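Good morning, and thank you for coming. Please look at the structure on the screen, and I shall then take you through a few of its features in turn.

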Amino acid sequence: MKLSEIAQLIGAKFDGSDREITSMNTLSEANENEVSFVANAKYIKEISSSNAAAIICDKSTKDKVSTDRVALVVDAPYWQMAVLSAKFAPALEDVSSPKAIIGEGSMVSAKAELANGAVIGKNCNIMAGVYVGSNAIVGDNTILYPNVVIYRDCKVGSSCIIHAGTVIGSDGFGFASNKMGIHKKIYHIGNVVIEDDVEIGSNTSIDRAVFTSTYIKKGSRLDNLIQVGHNCEIGEYSVIAGQAGLAGSSKIGRSNVFGAQSGVAGHLEIAPFNTFAARTGVTKTIKESGKTFAGFPFMEHRTWLKIQGKLARLIK
Amino acid sequence: MKLSEIAQLIGAKFDGSDREITSMNTLSEANENEVSFVANAKYIKEISSSNAAAIICDKSTKDKVSTDRVALVVDAPYWQMAVLSAKFAPALEDVSSPKAIIGEGSMVSAKAELANGAVIGKNCNIMAGVYVGSNAIVGDNTILYPNVVIYRDCKVGSSCIIHAGTVIGSDGFGFASNKMGIHKKIYHIGNVVIEDDVEIGSNTSIDRAVFTSTYIKKGSRLDNLIQVGHNCEIGEYSVIAGQAGLAGSSKIGRSNVFGAQSGVAGHLEIAPFNTFAARTGVTKTIKESGKTFAGFPFMEHRTWLKIQGKLARLIK
Amino acid sequence: MKLSEIAQLIGAKFDGSDREITSMNTLSEANENEVSFVANAKYIKEISSSNAAAIICDKSTKDKVSTDRVALVVDAPYWQMAVLSAKFAPALEDVSSPKAIIGEGSMVSAKAELANGAVIGKNCNIMAGVYVGSNAIVGDNTILYPNVVIYRDCKVGSSCIIHAGTVIGSDGFGFASNKMGIHKKIYHIGNVVIEDDVEIGSNTSIDRAVFTSTYIKKGSRLDNLIQVGHNCEIGEYSVIAGQAGLAGSSKIGRSNVFGAQSGVAGHLEIAPFNTFAARTGVTKTIKESGKTFAGFPFMEHRTWLKIQGKLARLIK
């Protein structure tokens, strides 16, 4: 898509030299053929170092854009980013891609669907009702139980086990809202990357990234009915019990253990080697390791126990 | 079904003039060809204005039924209503209906199943493993990702996106229980109506109404793993984050925002334009707008913050 | 598998008379052709009465093993049990079993998949996208809505209704972890047994037992998006509302009622006829009946109400 077309689409003025734009990305990840945006004061500091060809911004931030980048000035940058995302979203399936490739020794049910461009490794079991989308890649020795769905462009490592009904790569919960309360979908151009030796239970949902990737790192264990929001990173060997949920963009260090029905708010970082009791609600970044937490809002587990003791005495 | 047959089935005495009964419904919604019931003191006041042909009631309420209606007097009206509901439940599929109709420009996977009587609009994408039941209607430009299930008689609007594994129209959690603790299923004769421009995440469950409809109104956004109970109404442009749950029959006004893992009890009304923090548990009707709530039982968010502060000081 | 091969696989010394071992099991359930293990001090008292042919143990527990049993001494019994479990896990499907048997009057969608060895009773409805695994048994008059998955060897009773997307028999959340934090999968050799007249909502997950069975007893009602962990027993006529979760190995007596989003920790016993309010988190065994509980950690409902009242007054 031409930069001039983008400007026209989002209602920005543009009279520089035109060029082809290949995709969208965050300020820090965008390359010189991509367009980015700034819609949150937190990211203003990333404008000057961004390699993006053009940056969607508003009047208040346009002067931060260096003169060798194009500032596309609009009233509502987040909304216009959402508008533009629809143009860079790929088709649901790449019908023109070659037929799916299936590695030696793999069993693929006649009732599974492999979209064009999908690649299945060796010695896999792809059971009935599974869907693997275009350009999705499944590593060797991996089992996809019935009715697992892998959306297009996602990657599942080797020696993984994914139980029935689990969905990898659905769009994250992202949209811009205007003053009328109307929501505009942000198309999710990123994917999910599941590394090797990961087991995921049944009916779990792992959303794809807006841009870049949602990561489930090697050796992790996820239980049933878990929500992993867009752009999260689950560190190596982490353990997440049933019905826990992670909002978007949180980065979990290795070997964290989350109890059942626990939750993590968005945009947090959690250092490695912590344990979270069932129902813990993590609301802040955690820089320490080796601790056990509980409660909502969360606190050290021993503090939580003391408060429960005090409460019990309150009523005596 | 003849009124006399209904009376016999549920063990009520009936010696008036017989007539054909077409369905069951609530007191307020029943028409003159339908049978209704009263099983809860809360609804006694609706007996006199009901248009139902006959009302299943017990000895204590039979005198409230006006003389131009038939009172079907039984010991356990709720149980007998459940017994009768089985007779009015339609078949799982209408095999005698014509083949499904698919609008121009729509792509339907050969691995999707469209039951007889289903209607798919124009330019839709119905992906592999999707099931659309008899007489279900899907509007134009709608995407059903793999393994979505739309039960019979449900309606999905235009320009909707429903992510993989989501179920629309499963029976609500309804049954009558006797003194032995045995449960009798209440068949759900209603449906789900999803209006235009709604996006729903993956592995979410939206139950059909007992009678009438469960509504998801236009422009709403629902995330993954959400539970919407039978007969709920989700107002326009509402936003419901992952793993939130709504029990049955609650009416949510427009533009309400529910955080992750929040919950709403049954039979409540929530005024428009409120915000609920993650994990909020709404236990009462809310008549105000523009507020932010938190906690369980819920309270204003600033009050909840004060209580957390007090608790923290308790243990010092 | 020969006992000598087992010893070699797990690095234990063995020089007794060899014999064929058919499976693995718990200390109390193992028969004379099975191998068992002790990895938790709680179970040491069961060693002496176990009928297992051999017991995987460490140096500290080997002397408890009676002389007519074989003690397989290793450094990490739980890890070695996990290693061995892979050898006794059956294939994903028994391709050599006879074709599935379908009872008279049953409708099976051409888009359902019945693995070899599956048995479907009479007058069932097996809808599109359903998967029934090898040697799984479905009783008469049962409805499996679209995309239900019944893993191999599981049993579903007569007159059951299982709603769309529900998964019966996925592996439980079980693994051994070493000092490096690496997890070793425990293969789940058990199954799920669902008795007669059970209804289960949509997108619910019920895990199979490690050994023996996870039970959902007759007449129970489970709602949507519920997690039932491995080796649980849900008593007759129990009621579990949406998004509730039970960790592994808890035994729930008959006619218990669990509110929405409630939870039960692992290895508990709950006496019959109790009620748990929404969000209750049960953390201890309950020996009384007829009570109503709430809160997390749980307490009697009236106590919880008092605490909420005190908290409200705290901030005035």
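This is a predicted model: local features need pLDDT of at least 70, side-chain atom pairs count only at pLDDT 80 or more; totals for chains, interfaces and linings use all residues.

Let me begin with a question: in which loop of chain B does Pro297(B) lie? Pro297(B) is in the loop between strand 34 (292-294) and strand 35 (299-300) of chain B. Strands here are DSSP runs of E with at least two residues, helices are DSSP runs of H or I with at least four residues, and both are numbered from the N terminus.

Residues are numbered from 1 along each chain as its sequence is written, chains are lettered from A and ligands numbered from 1 in the order in which they are written, and side-chain values use heavy atoms, with hydrogens and water left out.

Let us return to the proline. The peptide bond that leads from Phe296(B) to Pro297(B) is cis, with omega near -5°. In chain C, the bond from Phe296(C) to Pro297(C) is cis, with omega near -5°, and Pro297(C) sits in the loop between strand 34 (292-294) and strand 35 (299-300) of chain C. As background, most peptide bonds are trans, and most residues other than glycine have a negative phi.

That brings me to Asp197(A), which is not a glycine and yet has a positive phi of about 55°. Asp197(A) also forms a salt bridge with Arg221(A), where the closest N and O atoms are 3.6 Å apart. A salt bridge here is a side-chain nitrogen of Lys or Arg within 4 Å of a carboxyl oxygen of Asp or Glu. Asp197(A) lies in the loop between strand 19 (191-194) and strand 20 (199-200) of chain A, and Arg221(A) in strand 23 (residues 221-222) of chain A, so the pair ties together parts that are 24 residues apart in sequence. Over all chains, the structure holds 39 salt bridges.

Now to the interfaces. How many residues of chain C and of chain A take part in their contact? Chain C gives 47 residues and chain A gives 35 residues, contact meaning heavy atoms within 4.5 Å. The area buried between these two chains is about 3,200 Å², with 61% of it from carbon and sulfur atoms. Buried area is the accessible area (1.4 Å probe) that two parts lose on being put together, summed over both. Leu92(C), Phe173(C) and His183(C) supply 21% of the area that chain C buries against chain A, more than any other three residues.

Two salt bridges cross the interface of chain C and chain A. In one salt bridge, the side chains of Glu113(C) and Lys111(A) meet at 2.9 Å, N to O. On the side of chain C that touches chain A, helix 3 of chain C gives the most, with five residues.

Chain B and chain A also meet, with 36 residues from chain B and 47 residues from chain A. The area buried between chain B and chain A is about 3,200 Å², and carbon and sulfur atoms give 61% of it. The interface of chain B and chain A has two salt bridges. Lys185(A) pairs with Glu199(B) in a salt bridge, with the closest N and O atoms 2.8 Å apart.

Finally, the empty space inside. Rolling a probe the size of a water molecule over the atoms shows where empty space is left. A cavity is a set of points, on a 1 Å grid over the protein atoms alone, where a 1.4 Å probe fits but cannot get out, and its lining residues have an atom within 4 Å of a point. Grid points are joined across faces, edges and corners, and a volume is the space filled by probe spheres set on the points.

How many cavities of 30 Å³ or more are there? The count is five. The largest cavity has a volume of about 210 Å³, and its lining includes Leu225(A), Leu225(B) and Leu225(C), as well as Arg279(A), Arg279(B) and Arg279(C). The second largest cavity holds about 100 Å³ of space. It is lined by 16 residues, and among those nearest its centre are Gly165(A), Gly165(B) and Gly165(C).

Conventions:
On a 1 Å grid over the protein atoms alone, a cavity is a set of points where a 1.4 Å probe fits but cannot get out, and a pocket is an open set with protein on both sides within 12 Å along at least five of seven lines; lining residues have an atom within 4 Å of a point.
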